[in-house]
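User: Could you take a close look at one part of this model for me, the helix packing in one of the chains? I'd like the details first, and then how that part sits in the wider picture.

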Protein chains: 2
Amino acid sequence: MRRTIDFLLGDWLGIAELLERPRFADHSRETFAQVLDTCERIARERYAPFNRLVDTEEPRFDGERVILPQATHAAWAAYAESGMLSASQDQNIGGMQLPYTVEAAANGFFGKASVSIGGGLLTVGNANLLMAHGTAAQKEVFALNEFSGRWCGTMCLSEPQAGSSLSDVATRAEPDGADFEADPLGPRFRLTGNKMWISAGEHELTENIVHLVLAKIPGPDGKPVPGTKGISLFVVPKKLVNTRGELTGERNDVALAGLNHKCGWRGTTNTLLNFGEGKFTPGGKRGAIGYLVGRPGEGLRCMFHMMNEARIGVGMAATMLGMAGYEASLDYAKQRPQGRPVTEGGKKADAPQVPIIQHADVKRMLLAQKSYAEGALALELYCARLVDEQHTGEADSAREAALLLEVLTPIAKSWPSEWCVEANSLAIQVLGGYGYTRDFPVEQYWRDNRLNMIHEGTHGIQALDLLGRKVVMDGGAGLKLVAGRVNRTIERALQVDHLADHASALAAALQRLGAATKAAWASGVPEEALANATPYLQAFGHLVLAWIWLDVGLAARERLAADDAFFRGKLQACRYFFDYELPKIDAWLAVVASRNPTCREMREEWF
Amino acid sequence: MRRTIDFLLGDWLGIAELLERPRFADHSRETFAQVLDTCERIARERYAPFNRLVDTEEPRFDGERVILPQATHAAWAAYAESGMLSASQDQNIGGMQLPYTVEAAANGFFGKASVSIGGGLLTVGNANLLMAHGTAAQKEVFALNEFSGRWCGTMCLSEPQAGSSLSDVATRAEPDGADFEADPLGPRFRLTGNKMWISAGEHELTENIVHLVLAKIPGPDGKPVPGTKGISLFVVPKKLVNTRGELTGERNDVALAGLNHKCGWRGTTNTLLNFGEGKFTPGGKRGAIGYLVGRPGEGLRCMFHMMNEARIGVGMAATMLGMAGYEASLDYAKQRPQGRPVTEGGKKADAPQVPIIQHADVKRMLLAQKSYAEGALALELYCARLVDEQHTGEADSAREAALLLEVLTPIAKSWPSEWCVEANSLAIQVLGGYGYTRDFPVEQYWRDNRLNMIHEGTHGIQALDLLGRKVVMDGGAGLKLVAGRVNRTIERALQVDHLADHASALAAALQRLGAATKAAWASGVPEEALANATPYLQAFGHLVLAWIWLDVGLAARERLAADDAFFRGKLQACRYFFDYELPKIDAWLAVVASRNPTCREMREEWF
C-alpha cells in the first residue's frame, strides 16, 4: 500500500506543490515521507499485532472503571507520542503544521493495522472544533491538552431516541446560577440527558475525557426550542478542571450507563452516557457542568464545520479495512494451491495443483478488491487535498475546493463504506472456509467495516444530503463543478490509447447522471425525487470512482516505463472498474430518472 | 412467513395434486398442515429462544468431550422426536412418506429460528445416501439408526489441502486383512488421513456418529489413483458397532484434531478430524475402520446423487436467515419513531416523529429484503417440488424435472447465499446503530449467512457448474427447458394488466441471456467463456428470480379479492424486483457476452 500512497500523493496529486505555500514552507518531501514512515512503523509494531486481541478482549466495566487491554494503552501512548494528534496544528502551539492530505494518508496506516484500536480521529476532531469555535480559555485548557494526548475527546450527538434525527435531541442545558456567564471557561450550564453511541465515552486511557455535547437551552417558556435551531454545543469534562488545566479533584456528573456490544470494531469502547443523573454532584448540585462553545443555537453549525473531515475519516477507515482484506487475500491466493487450470481439467489430474491466484475467478475477486480499495484511497486523498486547498489555496481555488467538497463528501463517506465491505466479503470468499474462521483476519475486517455505513450519517442520510441539497444548491453549481473536473479528465483520456474507450464511457455516464438528476427534480416534488436518493448516491459514487480511476490511469500510463508491473496493475484495475463496475449505474439511474414510485407507494400493511 | 408458505405450497405450487399419487395417498392437506404446525411450534419453543445463546457459548473441547449447551441437546431431542429425520422415508421403516416439498418447507422453520443449532440436514443426507447406495446391512445398522435420531451423521469430503478440488483428496483406504471383503457391514478398510470442515464431527448429542468419508484405495502400484475417479466412499462409525447396531464398546480410530472457530453459525460444531492417527486402535491396529459403500471409485457419484437436495438445503438455510432478518427489521421499522416526512422537514419541527417505516428509503430496504427472501423461498420450494416430480412423477415429467433441477440447482444454492446476505445487511441498516449491536438479532443473521456462499460448493464452483456444464450439456437441452418454462409464464403475464410490462422485460432479458450464453462459448475456448462464469451465474440467478416473481405475481393477482393487503404486498415485491433488480443483469451479461478478458489477463505481478 505504501507504494500506492507514494504514487498517489507524489505523482498523481503532486503534493510537493504544497511546499510552495507559506504554511508548509518548513516542510519537504523528506519530512512528509518521515511522517508516513513513522506512522507505518508504529502501526506495524503497536497496532497490527493486537488487532485480534482487542476483538476478543472487549472493553468491560468492573463497576468503577472501564478496562481495556494493555495493548490499547500502549498503542494510544505511541500514537500520542508520534505527534499525530496535532499534525495539522500551528507549530507555535506544538503542532506539525502538516497538510491534511499527509495527515490523512499517515492515519491510514493505523486504520489498516487496527481500526478497532483506533487513532485519534475523535480527539482531533473535538480539539479542532474547539480551535475553530472555542474561547481562548477553552482552546488553552481543553484543545491543547487533547493535542498533547493528555486527554481524549468525544463527540456526543446521538441520543437513544435521536439518531439520524438530531433535531430531536432532548438533552437540556440550564444556566448554572446567576453568575453562569462569568465562568472563565465559558458560560456555565447544567446538562441533563442521555447520549447514545458515544465512542471512547469512558475509559482510563487518559486522566480525563473532554466531551463535546449537543443540548438544548430551554426558551423563555421553559421548553426546548423544537428543531435543529434550538441546539447548542457544550464542552463537558469528565473530571472538572481549573483554568490552568489542572484537575480540581471533583468528578463531573457524567456517568457510564452502559457499554454497547458491537458486531465488530470491538476494541473501541462505545457507550451510553448519562448526564446529570446525580451519581456525582459537582459543587453539591446535580447536573453535568458544561461550558457553552460558540453561540446558543449554533451547535449544529459548529459541528458541521468539522463534518467534511470527520466523513473523510470514516471513508478512510472503510478504505483501509478494504485494503487490509485485499492484501490478506492476495497473500493467501499466491500461496494456496488448489485446483488446476480450467483447460486442463480432467486431462492432467496428476499435475500438481496451482496457486489459486492463477484462476480467473480468483483474479476477478482480487481485481474487484483492488479497484474498490485503491480507488477509494485515491478518492479520499483527493478530498483531503481539497481540504488543504480550501484552507491554504488562493481565494478562487479555495472557494472551488469548498464547493467540490460539499458534493464529494457524501461519496467519500458512503462509497467506501459500501464497496469496501463488499471487498472484505470477497476477501473472505478468496480464503474460502479459512476466511470464515477467526484464525484469519478477513472476517474481522468485514465485521469491523459494517459499521461505516451507519455512523457519521447513515447511507440514507448521505443520499438525502447529496440529492436533496448538494447537487441542487446554488442552481446546481456544485454538480457543474464536478462535471467540469470529470470532463477535464475525459478530454485528456480521449487522446490516450487504451483509455479513450473508458473516456467515452465516462462521458456517456456523466450525461446520463445529469439527465437523471434533472428528471428526478422535474416534478419539483421532494418525496418523488428523494424516494430514490440511495440508488442516486450509488450511481453518483460509481461515476465518481470511474472518474478517479481514469485520472489515476492517466498518471499510471505516463509512468509505465518506470515500473511496468506496478503501473500495469493500476491500469488493469482501472479497466476492471470500467468493464465490470461503471455499467452498474444504468440500473440505479433508471429508477431515479423515472421517479420510480414503487417504494414510496408501498404501504405498511402490505409488508 | 407461514402465510406465505401456505400460499406458495397451496395456491402457487398446488401441492394438493401430490395427494393423488400413490406414495402420498395416505396424506391430506391436513396432515401436511400438521407437519408445518409441529415444526413451527418446535422451532419457536426449542430453537428461537436459544439462537443467541449458541452464538455466545461456542462448542468447546475439554480434552475428552465436545461440550454443547444444554439447549442444543434439548433441540436435537425435540427434532428427532418430531419424526422429521425420516420425513420422506417409507412408512414401512417408520418414515412419514412426506413429499420433499413439505419436508423442505417444514425444515425452514428451524433454519429461521436458529440455523446455528441446526436440524438434521447432514444426518438425513447421510442416511439417504446409504439408503440409495448402501447394502441391506448398512441401511439397517446405520441409516435406520440415523432416521430414528439415535445417531447423527456427517459428510467428510474436504481435507485441509483439498477443498474445492476434491480430486486431491489424500485420505487412504487400505483393505483390512485378507478377509476384508467378508465383513457383514461391507468390505472393510483402514482409513488414514485428515478431514476438514466437518460439521457435527464430534459431540455428545447422540451415542454414536456415522461418518461418510471420501478416500482413495491405492492402486496396484500402491499409489492412490489421481483425479476424482480414484475416490471411494466409506461409512466410518465413531464407535464400532455390530450387525445388530449395538456398540461393541470399542472406539474407532477417528479423533478430533481441532474445533474451527467461525465468524458465525457457531452453534454447530465444525471440526478437523484425524482418521487413523492411532489414538484409538480398534482390533489392536492403527487405522479407522470403514466399510465401503457402493463400488470402488464411485464415491463422488454416490455423493452427487444427494447433491441437489443438499444444495437446496443450503439455499433454504440462506433464505430463512434472509426471512428472519426481514421480519426483525420490519417489526423494528413499525415501532421506531425517527424523523418526519421529507416534505415537512423544517416546517413542522415540533410535530411528533413518525415510525421509520413511513420513510421511502426504509420501505426500499424492506421491499428489497422481501423480494430477496420471499423470492428465494418460492425458488427453493419450486425446486423442492421438482425433486418430488423427479421421484414420483410420470416418466416424461420426471425426466424433465431432473433436467430442470440440473440447471436450477446452482441458482437455488447460490442466489439466496448472495442476496439474502445482502438482505441481512439491509436489516442491520434499518436498525441503524442498534442493528450493529448484539442486543438485536440481525447482526448474527448476517454473520451466520455469510457461510452459505462457501460451503457445499463455493459461488465460483456453482458458476463453473452452471456455465461450464449445465447450460451446455445435451446441446443446451436444460437451458431450453428453463427458457420454455419462463416463456410459459411470460405468455400468461402478457395477458394481465400491470404484469404485461414485467413480462416484456423478462422476455427481453431471456433473449439477452440466451445471446450471452452463445457468445460466451462462441470461440469454443473454455477459459474465455469461464473467466466470467460468476457474473453469468449472477445474471442467470436474477433472471430466474424475476421469472419466479412474475409467476408468483400471477398467482397473487388472481387472489387479490381474497386478501387485498397480503397479495398487494406480493405484487409490490414483484414490481420492486422488476424495477430495481432485473435491470442489473445487463452489466453482468455485458462482460459474459464480450468474453471480457480483463480478469484472466491480469497477472500475479501486477497486483
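Analyst: Let's start with a contact in chain B. On one side are B:R364, B:L367, B:A368, B:K370, B:S371, B:Y372 and B:E374 of α10(B), and they meet B:G569, B:K570, B:Q572, B:A573, B:Y576, B:F577 and B:E581 of α18(B). Sort those by class and you get six nonpolar, three polar and five charged residues. Keep in mind that this is a predicted model.

As for the geometry, α10 spans residues 360-392 of chain B and α18 spans residues 564-581; they pack at an angle of about 100°, with 9 Å between their axes. An angle from 65 to 115 degrees counts as roughly perpendicular, so that's the label for α10(B) and α18(B).

There's another crossing to look at in chain B. Here α11(B) packs against α17(B), a helix made of residues 533-558, at an angle of about 95° and with the axes 9 Å apart. These two helices are therefore roughly perpendicular as well. From α11(B) come B:V407, B:L408, B:P410, B:I411, B:S414, B:W415, B:E418 and B:W419, while α17(B) brings in B:L537, B:Q538, B:F540, B:G541, B:H542, B:V544, B:L545 and B:W547.

The ring centres are 4.8 Å apart and the planes sit at 75°, which makes the pair edge-to-face. Over all chains, the count of aromatic pairs comes to 45.

How do the chains relate? Chain A superposes on chain B with a rotation of 180°, a shift of 0.0 Å along the axis and an RMSD of 0.0 Å. The two copies are thus related as by a two-fold rotation axis. In chain A, the C-alpha nearest that axis belongs to A:K584, at 3.3 Å. Both copies use the same surface, with 99% of chain A's contact residues recurring in chain B.

Finally, the annotations. An unreviewed UniProt entry puts "domain: Acetyl-CoA dehydrogenase-like C-terminal" on residues 484-602 of chain A. That stretch is 80% helix and 0% strand, and its end C-alpha atoms are 38 Å apart. UniProt, again in an unreviewed entry, also lists "domain: Acyl-CoA dehydrogenase/oxidase N-terminal" for residues 33-141 of chain A. Residues 33-141 of chain A are 61% helix and 4% strand, with 32 Å between the end C-alpha atoms.

How values were computed: Residues are numbered from 1 along each chain as its sequence is written. Chains are lettered from A and ligands numbered from 1 in the order in which they are written. This is a predicted model: local features need pLDDT of at least 70, side-chain atom pairs count only at pLDDT 80 or more; totals for chains, interfaces and linings use all residues. Side-chain values use heavy atoms; hydrogens and water are left out. Axes are lines fitted to C-alpha atoms, for helices over the stretch in contact, and angles run from 0 to 180 degrees between N-to-C directions. Angles under 35 degrees count as roughly parallel, over 145 as roughly antiparallel, 65 to 115 as roughly perpendicular and the rest as oblique. Contact means heavy atoms within 4.5 Å. Ala, Val, Leu, Ile, Met, Phe, Trp, Tyr, Cys and Pro count as nonpolar, Asp, Glu, Lys and Arg as charged, and the others, Gly among them, as polar. Copies are superposed by least squares on the C-alpha atoms of residues with pLDDT of at least 70 in both. UniProt positions are given in the numbering used here, feature names are shortened, and annotations may be inferred rather than shown by experiment. Rings of Phe, Tyr and Trp (its six-membered ring) pair if their centres lie within 6.5 Å; planes under 30 degrees apart count as stacked, over 60 as edge-to-face and the rest as tilted.
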